[in-house]
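Please keep the model in view while reading.

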Amino acid sequence: MIIVEWLIALDHNTIFWVQNNLISSTITPFMKNLSWLGNMGKIWIFLDVILLCIRKYRRVGMAVFITLFFSLVIGDGLLKHTIMRTRPCIDYPWVPLHLPMPAANDYSFPSVHAFSSFAAAFVMVKGIKSRWILLMFVLAGGIAFSRVYLFMHYPSDVLIGALLGIASGLIAWYLSGKLFLWHKNSIKKQF
């Protein structure tokens, strides 16, 4: 019980440290845009469509699709509605918000922005061998941090979302490999 109380205190201290020390009128529009890119996986779906159109990266595109599906079902569907953790902006309604107030039943844990972002970034890093791919994790980290900055999630929501995303990405990468092997073998049998 003491560990849980300590973790909750750390969560609250961290989010209020961000609110008291990092919020600025210069950074806020940038954070709002990062958060918008992560809404419903917009940026990841856009990149996924491009990957699926390039033959060399179709496995990566399939893995991104699978992992975004996982984030929707597991994160947004199952975990949020099982744990039902309220968002910081609902727990502390006097803190000024830079985004519209979410509904009371729009829960906080885990951050699906972080889940989907780290899931997609992990798969892209795994499947695309390029020095530019580091940008994917920087983007995922920025989207995840924007949720704490904008007072929509506690830091633990984002951290667990990111860890779930990486685990989901690993599973999706494995499944996409199995699907592509099955597809390749079924084509060979036809000829």
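**Helix packing and aromatic pairs**

The axes of helix H3 (residues 42-53) and helix H7 (residues 134-149) approach within 11 Å and cross at roughly 155°. H3 is therefore roughly antiparallel to H7, a term for angles over 145 degrees. Ile43, Trp44 and Leu47 of H3 meet Met136, Leu139, Ala140 and Ile143 of H7, contact meaning heavy atoms within 4.5 Å. By class, this contact of H3 with H7 has 7 nonpolar, no polar and no charged residues.

The model is predicted: local features need pLDDT of at least 70 and side-chain atom pairs count only at pLDDT 80 or more, while totals for chains, interfaces and linings use all residues. Residues are numbered from 1 along each chain as its sequence is written, and side-chain values use heavy atoms, with hydrogens and water left out.

H3 also packs with helix H4 (residues 58-83), their axes coming within 7 Å and crossing at roughly 150°. H3 is thus roughly antiparallel to H4. On the H3 side the contact is made by Trp44, Ile45, Asp48, Leu51, Leu52 and Cys53, and on the H4 side by Arg58, Val60, Gly61, Met62, Val64, Phe65 and Leu68. The contact of H3 with H4 has, by class, 10 nonpolar, 1 polar and 2 charged residues.

Aromatic pairs, with ring centres within 6.5 Å, number 6. In one of them, Tyr92 and Trp94 are edge-to-face, at 5.4 Å centre to centre and 85° between the planes; edge-to-face requires planes over 60 degrees apart. Ring pairs link Phe16, Tyr92, Trp94 and Phe151 into a cluster. Tyr92 is buried (under 20% relative accessible area), at 17%, whereas Trp94 is exposed (over 50%), at 62%.

Note on methods: Axes fitted to C-alpha atoms, helices over the stretch in contact; angles between N-to-C directions. Helix = DSSP H or I, 4+ residues; strand = E, 2+ residues; numbered from the N terminus. Parallel < 35°, antiparallel > 145°, perpendicular 65-115°, else oblique. Nonpolar A, V, L, I, M, F, W, Y, C, P; charged D, E, K, R; others polar. Phe/Tyr/Trp six-rings, centres within 6.5 Å; stacked < 30°, edge-to-face > 60°. Buried < 20%, exposed > 50% of the residue type's maximum accessible area, 1.4 Å probe, protein only.
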